[in-house]
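Biologist: Can you take me through this one? I'd like to go over the packing and then the ligand.

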Amino acid sequence: MLAGGAGATKYTIPRRPLLDLPELVSLCSRACFEQLPTGSQHLAQQEHRNIIRRAGQGGNLTVATTGASGSLFLQHLLLAIEREDRVQVVNFIASDGGLRVLAEELGISGRRNLVEQLLGRPSDKIRQQANADIGANVASGSYPSDAMIVIPCSVGTLARIANGIASHLIERAADVCLKEKHPLVLCVRETPLNKIHIRNMYRAADAGATVFPLIPAFYTRPANAEAMAREFACRVLAHLGLPQSDAYQWKP
Ligand SMILES: Cc1cc2nc3c(=O)[nH]c(=O)nc-3n(C[C@H](O)[C@H](O)[C@H](O)COP(=O)(O)O)c2cc1C
């Protein structure tokens with residue numbers, strides 16, 4: 001509850017016998033956000049969401065794939081999310097470019113049953129949405145999505161997100177994440193990078209996205225590309241407050 005006269009902002013805890021945990025977290029973090037410089041507010045809000053998730057309210061993720069190389073990384077992220085009990089609902093979207101790369105790199109064909117083809121079995125948790133359907137659930141800020149991951153993220157999709165061009169569901173859902181201050185993770189893949197790509201990464205980061213380049217680690221001494229992709233998935237999930245018990249840890 002907000003109180004106070006001209007220029008003064010005071011927080012008073014409502015007089016109730018008991019505050020439940022999400023209410024308390026919300027009250028404290030609101031008080032903190034308003035003390036922070038603008039750039040830090042987004043980070044604080046992300047942490048707030050992580051706390052809410054840890055309090056047991058369940059996770060609702062959006063995962064998108066676009067036409068950059070690295071379909072194996074998408075596959076291992078979906079496999080990890082499918083196993084993750086803290087995530088209850090996943091909306092999955094593929095761009096036409098993403099479908100093309102999935103066909104080239106993993107031999108996945110068509111635009112239907114992608115989840116089943118990627119996981120090797122059907123999923124009750126991961127639902128596919130059409131990129132052309134700008135009226136799908138995740139197109140609205142009223143939908144309770146906790147975070148979005150674009151993996152791999154092409155520089156074309158990065159450009160559209162960084163510049164607010166929301167003509168397809170992927171970019172619209174990302175735009176919603178930014179306006180609603182939900183975490184947005186862009187696993188950008190291109191090499192070499194030109195100045196337009198670098199400027200767009202800056203713009204996206206400045207608007208609140210995390211640029212999480214699709215660059216695997218080698219100090220984990222991965223036995224193969226699958227192990228590399230699995231570790232990368234663990235890092236992305238840990239970044240969203242979902243650490244994996246089997247993740248590699250440097251000096252545990
Ligand atoms: C096999 C293949 C690999 C590609 N790899 C990349 C890449 O690593 N990064 C990238 O930005 N674009 C890459 N492209 C080009 C994009 O797919 C293309 O620019 C496409 O229009 C992106 O559309 P989208 O962002 O809507 O998915 C690749 C295309 C193909 C066919």
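Modeller: Keep in mind that this is a predicted model. Leu77 touches Val63, Ile149, Ile151, Ala233 and Val236, leaving out residues up to four places away in sequence.

Biologist: Which residues have the most contacts inside the largest nonpolar core?

Modeller: Leu77, Ile149, Val150, Leu186 and Cys187. That core has 55 residues.

Biologist: OK, helices next. At what angle do α3 and α4 pack?

Modeller: About 95 degrees, with the axes 9 Å apart. Helix α3 covers residues 71–83.

Biologist: Is that parallel or perpendicular?

Modeller: Roughly perpendicular, because angles of 65 to 115 degrees count as such.

Biologist: Which residues make the contact?

Modeller: From α3, Ser71, Leu72 and Gln75; from α4, Val101, Leu102, Glu105 and Leu106. By class, the residues of this contact are four nonpolar, two polar and one charged.

Biologist: Switching to the ligand. How many residues surround the ligand?

Modeller: 16, and the closest are Thr66, Gly67, Ala68, Gly97 and Ser154.

Biologist: Which helices each supply at least two residues of that shell?

Modeller: α4, residues 96–106, and α6, residues 155–162. The largest share comes from α4, with five residues.

Terms used. Residues are numbered from 1 along each chain as its sequence is written. This is a predicted model: local features need pLDDT of at least 70, side-chain atom pairs count only at pLDDT 80 or more; totals for chains, interfaces and linings use all residues. A residue is near a molecule or strand if its C-beta atom, placed from the backbone, lies within 6 Å of it. Helices (H or I, at least four residues) and strands (E, at least two) are DSSP runs, numbered from the N terminus. A nonpolar core is a set of buried Ala, Val, Leu, Ile, Met, Phe, Trp, Tyr and Cys residues joined through C-beta atoms within 7 Å. A residue is buried if 20 or more other C-beta atoms lie within 10 Å of its own, exposed if 12 or fewer, and partly exposed in between; C-beta atoms are placed from the backbone. Two residues are in contact if their C-beta atoms, placed from the backbone, lie within 7 Å. Axes are lines fitted to C-alpha atoms, for helices over the stretch in contact, and angles run from 0 to 180 degrees between N-to-C directions. Angles under 35 degrees count as roughly parallel, over 145 as roughly antiparallel, 65 to 115 as roughly perpendicular and the rest as oblique. Ala, Val, Leu, Ile, Met, Phe, Trp, Tyr, Cys and Pro count as nonpolar, Asp, Glu, Lys and Arg as charged, and the others, Gly among them, as polar.
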